[in-house]
Amino acid sequence: MTALVGRHRQLMTLDGMVDACAGGDGGVAVLRGGVGSGKTALLAEFTRRAAVRGARCLTLVATSGDADHWSLLDAVANAAGRPGADPLVVAEELVSEGPLVVVVDDLLLVGAAAEELPRAVARLQSAGALVVLADAGLPWDAVHVELLRLSGFRSIWLPALAPSGVLEVLAEHLDSPDAALAAEVHDITAGNPLLVRALVEDLLAVGPGERLPVTPGRAFGEVVLACLARTSSGAARLAKCVAVLGDDVDPAVLAAVLDVDDEELSAHLRTLSGTCLLADDGRAAFRSPAARAAVLSGVGAGHAADLRVRAADVLRRSGAEASEVAAHLLAAECAPDEWAVTALYDEAQRCLRDGELDLARRYLDLAAKQRSGDRSPGMDAHAIALGWLIDPVAVPRRLGGALDAVADGEITAHDAIVLTGQLLWHGWHDEAVQVLDWLAANEGTFVADDATDLRTLSLHIAITYPGMAGRMAAFDPGQVRSEVMIGASDALLRSMQALRNTVTGGPSEELIGEALRLLEVCTLRRMSLQPCLFALSTLIYSDELCHAEHWCDRLIEQAGNDGIVLLEAKLHESRAHVALASGDLPKVELHARRALTAMPAEAWGTALGAPLSTLVAALVGMGRLEDAATELGRPVPPAMFRTVWGLRYLRSRGYYYLHTGAARAALGDFRSIGGLMTEWGLDSPVLLPWRSDAAEVHMHLGERDLASRLLAEQARLPGGETARLRGVEARIRAGHMDPRDRGRTRIAATAVQHLETSQDRLELARALAVLGEAYRGSGDSRRAHMVTRRALHLATLCRADRLTPELTVQQRPVPVPGHQAAEGLESLSDAERRVAELASRGDTNREIARSLFITVSTVEQHLTRVYRKLKVRRRADLPADLGLPWQVSGAAQPEPLRKVEVHPAPPRERRRGRSRLGGS
């Protein structure tokens, strides 16, 4: 029998006591062992053997309901069938008839009645009876001391099974168990026979080849809970507490959570160790994860939460790390008091600082669940300051409470600065003024970090909400003079200064280098991505689109991995902006829609104008005017038009009006942009070249003098002489000149020349289209055909569907000139013919090299031979029709090989001969 493995010595001792009882000597034995050690089974076998020897056995069981009134002597009389009789008289009469054995199972359930137990046992022993008591591992208290005084007393210990005993049990039920299996079972059970037997049941449910590693199952879990139910209530509470809080919790914390003293805690630990559930070295740690899981399954969610909250409170009051306190609150999913919310916010702040964004979000979410009636006004402001990046949707509903904190003075300077930015973002401009007034009144109390934050806020307002810039006069940001970038706040300040200087003074090598340096430092040092947004804008407005595209794609991936909702949405908007500046209209739509999907409109606030404006501009450019009208029908906050995002929205709406025939409405939007920018002191063609937009409308309306005046004004402004703006100006002038004007070709060629150095393919396609018209007007149909074909190629790549139909009509085949040229064409090799076709289409040598995967030098060599064979001097003289298969048959032209996207150092950087990136 499993329960009797390793119990032979104990049975022999009890048999000897029965023999002594038969000789007239009474005795007392206490079987000691933890729950599951096999006491009941041993008693059953003992009583069977005693009965065989002629002893009369009375087995008494004390139930939990008998705890307060159970009497051993009365129980003996009842068991003998003589209730109410004198128990001692009954015992003496039974002893006179033969050996009498009284068995009590289980002593633990005797409870308060244990006080009379030693006297009752002594009287039965004096009557000649053998009393055997089963003890579930109670400590040696006063009861046992009294029992020790009795003559013939024996304490019989039932130890846990050794590995050899476990193997013997396994052999009774399993085929050929080995020592490895026995050792693993012993590690899990510590040799508790009942737990071993439970594992046997679980092992019988799997095949022999699946027994290792041992996986405790349902039987083991049920037996663990049964053992816990049979132990003391204090020990059971301790086991549940350890299961919930985890192993190796400080005993002082456990004692405080359970409201027991150190002595009681030690007693409970010994009890659970004797049951083989906890470690036997005095630690509050389960012997196996399976035992902990089983106990935990019996703990209700409410009770577990209560234990964790109490533990968090104890840890807080004992000065433990905030991470420990917050971890228990998070596991409890409960923040019952203000101290708990504060702990969650403090830990969320640390997580944000260390980049643990998912954990920070969980802490903030839990803090937000507290009932609004119990929340102090400062909590909303603190929640906004911590969570606006990762939980922007929650910000609007917290703004009211945060403003109450400002009114009550229950807000820190840092939280007030962040609150100002969020109020402006969501269009609460009047309320933002109130907070700015509070900041001005309390500036004298700010620490150094607060002053830096104020300078950053001042720059942010000047760049994004320029109409409010006057309110920040007291917080002049000045210029950062130190070359050392210490932390994220320094990076943010520098990135904003670089953007402001680019917008107000025009792009420069120094500012572009600063933006690139900031991007590298912030990513390498895992700083906040916030400075990167402003650095990207600097690159976009400086027409450094290759760099901007590369960094956008890289940062979008990082923000997505980090789960920073707002930054991911803003980076998609920046990527759409890059695509719009380079004329890639499908990519504009892709990233603008991703930006709008990543964050709902209410979270975008006034910044909704940014992704919406790029999306509308792309839809107009692709000829999808109905889709553009749908997007313009979205509700937008009125306060948006007090921001630069509102100006971008007006510009895109102006494009829509212009392409739907509402020229005067378009002019009204462009003029509104100019009026606002002038009012705000931010009249910058780098930011928004509204004059060239308005000039194009004036040209369309026949108002050439007004258009010329606007273009001249724009050219005189800082930043107005960039290659892109000069190219657009020349394109507008050439596009509305008399076709017979001999200067039209020269001005159109100038536009193409300037735009070749920029990266705006769509604007270049427009300029090429004008140049083609100019050539056609001058009678040079061959050049017109070549240039128009290149314009059509670029417009097709950009998906500029409003431009391609016109270019397609203009693209008429031009006959191959002369017999001599035809012979030259036949002499071209396949490689020379491919290069010549791309050159006649208008591709540059570098573009041809990338398309055909050859070097620029090889392209030049092929073109030299092509010129010689065709007897021409330059690519402009190449025939428009080179007799290639698709040109002769009218078949569709094959797509050129896709260019490989690389990011070499830009030409201007190589010309300088030094890196833009300095030390941090």
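Which residues of β4 are buried on one side, and which on the other? The first close-up takes up that question, and the legends after it visit other parts of this predicted model.

**Figure 1. Strand β4, covered on both faces.**
Welcome to β4, which spans residues 130-135 and has six of its six residues buried. On one side sit Leu 130, Val 132 and Ala 134, while Val 131, Leu 133 and Asp 135 make up the other. Asp 135, a charged residue, is thus listed with the buried ones. Two strands pair with β4 in this view. Strand β1 (residues 27-32) runs parallel to β4, and six bridges join them; to find your place, look for Gly 27, whose bridge partner in β4 is Leu 130. Strand β3 (residues 100-104) also pairs with β4 in the parallel sense, over four bridges. Here Val 103 stands opposite Val 132.

**Figure 2. The whole chain, as a setting for the close-ups.**
The chain has 920 residues, of which 54% are buried. Its secondary structure comes to 47 helices and five strands. Among contacts with a separation of 6 or more, 67% are between residues 24 or more positions apart.

**Figure 3. Leu 329 and the nonpolar cores.**
The largest nonpolar core has 233 residues. Leu 329 is among those with the most contacts inside this core, along with Leu 170, Val 185, Leu 254, Leu 419, Leu 439 and Trp 604. Zoom in on Leu 329 and, beyond residues up to four places away in sequence, you will find that Leu 329 touches Val 309, Ala 312, Cys 334, Pro 336, Trp 339, Ala 340, Ala 343, Leu 344 and Leu 366. A second, separate core has 28 residues, including Leu 60, Leu 100, Leu 133 and Leu 147.

**Figure 4. The largest cavity, with α36 and α37 in its lining.**
The structure holds one cavity of 30 Å³ or more. About 30 Å³ of space lies in the largest cavity. Which residues line the largest cavity? They are Leu 711, Gln 714, Ala 715, Gly 720, Leu 725, Arg 726 and Glu 729. Helices α36 (704-716) and α37 (723-735) each supply at least two residues of this lining.

**Figure 5. Ser 574, a buried residue in helix α28.**
Helix α28 covers residues 565-582, and Ser 574 is found in this helix. Is Ser 574 buried or exposed? Its relative accessible area is 5%, so Ser 574 counts as buried. Once neighbours within four places in sequence are set aside, Ser 574 is in contact with Leu 533, Leu 536, Ile 540 and Cys 552.

**Figure 6. Val 856 in helix α45.**
Helix α45 runs over residues 856-870, and Val 856 lies in this helix. Val 856 is partly exposed, because its relative accessible area is 27%. Leaving aside neighbours within four places in sequence, the contacts of Val 856 are Asn 845, Arg 846 and Ala 849. Take Asn 845 as a guide: Asn 845 and Val 856 are eleven residues apart in sequence, and their C-alpha atoms are 6.1 Å apart in space.

**Figure 7. Ser 176 and Ala 190, two residues with positive phi.**
Both residues in this view are other than glycine and have a positive phi. For Ser 176, phi is near 50°. Ser 176 has its place in the loop between α7 (163-173) and α8 (179-189), and with a relative accessible area of 72% Ser 176 is exposed. For Ala 190, phi is near 60°. Ala 190 lies in the loop between α8 and α9, and with a relative accessible area of 12% Ala 190 is buried.

**Figure 8. A cis peptide bond at Pro 213.**
Our last stop is the peptide bond from Leu 212 to Pro 213, which is cis, with omega near -5°. Where is the place of Pro 213? Look in the loop between α9 (193-204) and α10 (218-230).

Methods:
Residues numbered from 1 in each chain as written. Predicted model: local features only at pLDDT ≥ 70, side-chain atom pairs only at ≥ 80, totals over all residues. Heavy atoms only, no water. 1 Å grid on protein atoms, 1.4 Å probe; cavity = no way out; pocket = protein on both sides within 12 Å on 5 of 7 lines; lining within 4 Å. Points joined across faces, edges and corners; volume = space filled by probe spheres on them. Buried < 20%, exposed > 50% of the residue type's maximum accessible area, 1.4 Å probe, protein only. Pairing = 2+ DSSP bridges. Core = buried A, V, L, I, M, F, W, Y, C linked by side-chain atoms within 4.5 Å. Contact = heavy atoms within 4.5 Å.
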